[in-house]
Amino acid sequence: MTLDNYMDKIKTQLKTMTEREKDEWILAQVKIIPENKLEDVYKSLIGIKKIINMPGRDEIDKFCNMVATGDIVITYYTYYAEFLDGHYYGDWEYYYRDIQGAMDFILLVINGCYKLVILQEYQEAAEIFDQILKLKFLIEDDPESEDVCCEDYMDLYLANSEGLISIDKDWLLENYIKSYMCIIIDNTVLALKIVSILKMKLFEGCDISFIVKSRNNNLLNIVKDILEKDLVNLEKEYIEKQSEDEYYMGYYDDKQQIEYLKLLVIAFEEINL
């Protein structure tokens with residue numbers, strides 16, 4: 001049964017019920033809600049929260065500020081393991097630790113944004129996606145770590161790669177871009193936003209077929225043109241930096257970004273407009 005069919009079924013049932021029956025059903029459901037969710041249900045009822053199991057905007061703002069000020073961090077621990085699981089190993093082992101539960105909070109927010117999209121609350125979803133997906137966590141070395149971390153910050157790409165969080169990147173990308181496709185009318189402005197999202201390292205290699213399915217040929221052409229210009233500019237900067245220092249700071253990141261942009265350009269070129 002599709003969501004639309006299910007909603008039609010609910011609407012039909014509601015039409016057969018009196019206001020008193022509806023009130024009794026709502027109050028009965030409230031009685032069996034877990035105690036720690038009662039305040040969220042009330043906030044949803046009076047319009048402060050749209051999604052019951054999602055942190056409120058004030059909580060999200062506070063969380064993002066604490067990440068920015070370094071009050072919420074990721075801890076790094078490494079040690080030399082001569083033996084591992086009863087066998088000679090002779091190498092370094094390392095772990096990233098999310099002691100403060102930041103990634104659990106982020107998952108709650110992301111899942112809440114998916115529900116906001118279902119409710120067509122695209123503006124709020126887009127704003128929260130922007131806040132959460134661009135966070136960078138300060139990495140602190142554990143006092144007992146035998147060496148320091150080579151990274152200063154952890155973004156969601158690194159967190160996902162290291163297993164601190166499990167994100168369906170294709171689904172996240174689709175919901176993120178869909179939010180903006182539903183609130184930005186101007187194709188040029190929308191294309192710039194789409195490209196900025198596609199260029200995020202978190203979304204490298206993700207499925208972009210949903211953009212093609214929009215059948216907005218003008219938008220697709222603008223996206224392709226912007227990608228081509230960005231590629232030319234990045235390649236020019238890459239060559240200039242290499243002329244001064246062949247393996248300059250950021251060399252590998254720039255090289256990887258160039259290859260990724262090439263793939264995106266090819267993908268949009270292959271679209272039969």
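Modeller: Welcome! Helices (H or I, at least four residues) and strands (E, at least two residues) are runs assigned by DSSP, numbered from the N terminus. The model is predicted, so local features need pLDDT of at least 70 and side-chain atom pairs count only at pLDDT 80 or more, while totals for chains, interfaces and linings use all residues. Residues are numbered from 1 along each chain as its sequence is written, and side-chain values use heavy atoms, with hydrogens and water left out.

Biologist: Which helix gives the largest share of the lining of the second largest pocket?

Modeller: A pocket is an open set of points on a 1 Å grid over the protein atoms alone, where a 1.4 Å probe fits, with protein on both sides within 12 Å along at least five of seven lines; lining residues have an atom within 4 Å of a point. Among the lining residues here are Leu3, Met7, Lys50 and Lys115. Helix H1 (3–15) and helix H5 (102–118) each supply at least two residues. The largest share, four residues, comes from H1.

Biologist: What is the volume of the largest pocket?

Modeller: Grid points are joined across faces, edges and corners, and a volume is the space filled by probe spheres set on the points. For the second largest pocket this gives about 330 Å³. For the largest pocket the volume is about 650 Å³.

Biologist: Which element gives the most to the lining of the largest pocket?

Modeller: Strand S4 (153–154), helix H7 (156–161) and H12 each give two or more residues to this lining. The one that gives the most, with four residues, is H12.

Biologist: Is Asp254 buried or exposed?

Modeller: Asp254 sits in helix H12 (residues 251–269). Leaving aside neighbours within four places in sequence, Asp254 is in contact (heavy atoms within 4.5 Å) with Leu234, Tyr238, Lys241 and Tyr248. Buried means under 20% relative accessible area, exposed over 50%, and partly exposed in between, with a 1.4 Å probe and protein chains only. Asp254 has 16% relative accessibility, so Asp254 counts as buried.

Biologist: Which residue in S2 does Tyr80 stand opposite?

Modeller: Two strands pair if DSSP finds at least two bridges between them. Strand S1 (residues 73–84) and strand S2 (residues 87–97) pair in the antiparallel sense over nine bridges. In S2, the residue opposite Tyr80 is Trp92.

Biologist: Which residue takes a positive phi in the hairpin of S1 and S2?

Modeller: This hairpin has two residues between the strands. The residue with a positive phi, near 55°, is Asp85.
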